[in-house]
Amino acid sequence: MSTDDLMQYDDYLARFERIVGSILPGQYGRYKSRLVLKMTDDQYRRRLEEYEDLGRRLGDMLRSGDTIDDTLVTALRAAEIDLVLERSLFLPEFPRGE
């Protein structure tokens, strides 16, 4: 899955401002009970590339029938927090306890 149209830096900045708050790049805010760095454009693009690579690796595992590596899932979730994503592009969403 390509994130080109969904994950532009301007979208990240708007999402960060709406969810975390108005802070400068290089400063930290809170998201999902974790500290998150407001990244510069270069930092954001590098982290997004890492996230896409992790997603490709997960897709390869699923297609080949391999056991899903818990470390990979943890890394994907960490990247989603760093990118201030509200929904995963690669992992299923599970309903919260009812």
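**Close-up views of a predicted model**

View 1. Ring pairs link Tyr 9, Tyr 12, Phe 16 and Tyr 44 into a cluster. The model is predicted, and local features need pLDDT of at least 70, while side-chain atom pairs count only at pLDDT 80 or more, although totals for chains, interfaces and linings use all residues. Residues are numbered from 1 along each chain as its sequence is written, and side-chain values use heavy atoms, with hydrogens and water left out.

View 2. Helix H1 spans residues 9-19, and its buried residues (under 20% relative accessible area, with a 1.4 Å probe and protein chains only) are Tyr 9, Tyr 12, Arg 15 and Phe 16. These residues lie on the same side of H1 because they cover an arc of only 120° around the axis, the arc being that of the directions from the helix axis to the C-beta atoms. On the other side of H1, Asp 10 and Arg 18 are exposed, a word that stands for over 50%.

**View 3. What covers helix H1, and what follows it.** The cover over the buried residues of H1 includes strand S2 (34-37), helix H2 (41-64) and helix H3 (70-82); helices (H or I, at least four residues) and strands (E, at least two) are DSSP runs, numbered from the N terminus. After H1 comes Gly 21, whose phi is positive, near 130°.

Note on methods
Phe/Tyr/Trp six-rings, centres within 6.5 Å; stacked < 30°, edge-to-face > 60°. Contact = heavy atoms within 4.5 Å.
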